[in-house]
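We'll go stop by stop, with something to pick at each one.

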Amino acid sequence: MSDLPNCPQCKSEYTYEQGNMYVCPECAHEWSKDAADSGEPARIWKDANGNVLNDGDAVTVIKDLKIKGSSSVVKVGTKVKNIRLIDGDHDIDCKIDGIGAMQLKSEFVKLLK
């Protein structure tokens, strides 16, 4: 029997280690070993509608977002694929076509179904 913790998101027992992370093959949730060892619950990111976000999801921007230090704007309806969730004020790390690497706040996006 494995000593690995169950997935905090879907409670699956089939988790595995990948570097310094635990990964759930059923729901694709990833969390750090440090968070699992400390006993604190894994952080859950949600979009503007309250849907749970995961790494690799595709989202749509729901509000025009000014880019700091530039005259460019990320327009409403811009689709962003393959997001990466990070800790911090801006909790989505992504690349936007025509603009490049950016960080977004999860409150300004909605999950694409």
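Which residue forms a salt bridge with Arg84? Select Asp93: its closest approach to Arg84, N to O, is 3.0 Å. (A salt bridge here is a side-chain nitrogen of Lys or Arg within 4 Å of a carboxyl oxygen of Asp or Glu.)

Before going on, a word on what you're looking at. This is a predicted model, where local features need pLDDT of at least 70 and side-chain atom pairs count only at pLDDT 80 or more, while totals for chains, interfaces and linings use all residues. Residues are numbered from 1 along each chain as its sequence is written, and side-chain values use heavy atoms, with hydrogens and water left out.

**Stop 1: the charged pairs**

Stay on that first pair. Asp93 counts as partly exposed because its relative accessibility is 23%, and Arg84 is partly exposed too, at 45%. (Buried means under 20% relative accessible area, exposed over 50%, partly exposed in between, with a 1.4 Å probe and protein chains only.)

The structure holds 2 salt bridges, so now pick Lys105 and Asp89, whose side chains meet at 3.6 Å, N to O. This pair links distant parts of the chain: Lys105 sits in the loop between β12 and β13, Asp89 in the loop between β10 and β11, and they are 16 residues apart. (Strands are DSSP E runs of at least two residues and helices are H or I runs of at least four, numbered from the N terminus.) Lys105 is partly exposed at 23%, whereas Asp89 is exposed at 56%.

**Stop 2: the sheet**

Switch to cartoon view and find the open sheet of 3 strands, ordered β10-β11-β12 with antiparallel pairing. (Two strands pair if DSSP finds at least two bridges between them.) β10 (84–85) and β12 are at the edges with a single partner strand each, so one side of each has no neighbour in the sheet. Between β11 and β12 there are 5 bridges. To see a bridge partner, select Cys94 and look across to Met102 in β12.

**Stop 3: the core**

Show side chains for Leu53, Val80, Ile92, Cys94 and Leu104. These have the most contacts inside the largest nonpolar core, which has 17 residues. (Such a core is a set of buried Ala, Val, Leu, Ile, Met, Phe, Trp, Tyr and Cys residues joined through side-chain atoms within 4.5 Å.) Two or more residues come from each of β6 (59–61), β11 (92–96), β12 (100–104) and β13 (109–111), and β11 gives the most, with 3.

Now centre on Val80. Leaving out residues up to four places away in sequence, it touches several residues, among them Asp57, Val59, Cys94 and Leu104. (Contact means heavy atoms within 4.5 Å.)

Next, Leu104, in strand β12. Is Leu104 buried or exposed? At 3% relative accessibility, Leu104 counts as buried. Its contacts beyond four places in sequence include Leu65, Val80, His90 and Val109. For a distance check, draw a line from the C-alpha of Leu104 to that of Ile83: 9.7 Å, across 21 residues of sequence.
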